[in-house]
Amino acid sequence: MLLGSLAIGFVADHAGRRVAFLIGIGIYSVLSILLSLAWSFDSLVWLRVIQGVGLGAEAPLVFTYLSEFMPARYRGRLVSTSVFGWTFASAIAAWWPSC
């Protein structure tokens, strides 16, 4: 995710945010499909690592778009709520299978 989030800024500056967002979603989507066809544990791990690049690329752009289109009066509250929701949902997803 770190590599994706670092690289996507340069892509967004040169090609535009829309193109960069589509690249991030494309990488994540294609790798999600390929992960369902993983043929070994090693392939699963490496495909998941590459999928993380796509996820890291789209995460910063999502919050950029959210803050751009929200009314200025509520922007801080709504963006922080969405970040909290994402963090909370990730914690629940990590905890859930262990029950």
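## Overall fold

Four helices and zero strands make up this protein, and the model you are looking at is a predicted one. Read from the N terminus, the elements follow the order α-α-α-α. The C-alpha trace spans about 50 × 40 × 20 Å along its principal axes.

Of the protein's 99 residues, 21% count as buried. Contacts between residues at least 6 apart in sequence are worth a look too: 57% of them join residues at least 24 apart.

## Aromatic pairs

Searching the whole structure turns up four aromatic pairs. One of them brings together Phe-21 and Tyr-65, with ring centres 5.8 Å apart and planes at 75°, so this pair is edge-to-face. Because Phe-21 sits in helix α2 (residues 17-35) and Tyr-65 in helix α3 (residues 41-69), the pair ties together parts that are 44 residues apart in sequence.

Another pair, Phe-63 with Trp-86, is tilted, with 5.5 Å from centre to centre and 45° between the planes. Here Phe-63 belongs to helix α3 and Trp-86 to helix α4 (residues 75-95), so parts 23 residues apart in sequence are tied together. Trp-86 is partly exposed, at 38% relative accessible area.

## Around Tyr-65

Along with Phe-21 and Phe-69, Tyr-65 forms one aromatic cluster. Arg-17 lies over the face of Tyr-65, 5.4 Å from the ring centre. With a relative accessibility of 23%, Tyr-65 counts as partly exposed.

## Surface and charge

The accessible surface of the protein is about 7,100 Å², and 73% of this belongs to carbon and sulfur atoms. There are 6 positive and 4 negative side chains, and the centres of these two sets lie 16 Å apart.

Technical notes. Residues are numbered from 1 along each chain as its sequence is written. This is a predicted model: local features need pLDDT of at least 70, side-chain atom pairs count only at pLDDT 80 or more; totals for chains, interfaces and linings use all residues. Side-chain values use heavy atoms; hydrogens and water are left out. Rings of Phe, Tyr and Trp (its six-membered ring) pair if their centres lie within 6.5 Å; planes under 30 degrees apart count as stacked, over 60 as edge-to-face and the rest as tilted. Helices (H or I, at least four residues) and strands (E, at least two) are DSSP runs, numbered from the N terminus. Buried means under 20% relative accessible area, exposed over 50%, partly exposed in between (1.4 Å probe, protein chains only). A charge sits over a ring if NZ of Lys or CZ of Arg is within 6 Å of the ring centre and within 35 degrees of the ring normal. Contact means heavy atoms within 4.5 Å. Accessible areas come from the Shrake-Rupley method with a 1.4 Å probe; for residues, only the protein chains shown count as cover. Lys and Arg count as positive and Asp and Glu as negative; His and the chain ends are not counted. The place of a charge is taken as NZ of Lys, CZ of Arg, CG of Asp or CD of Glu.
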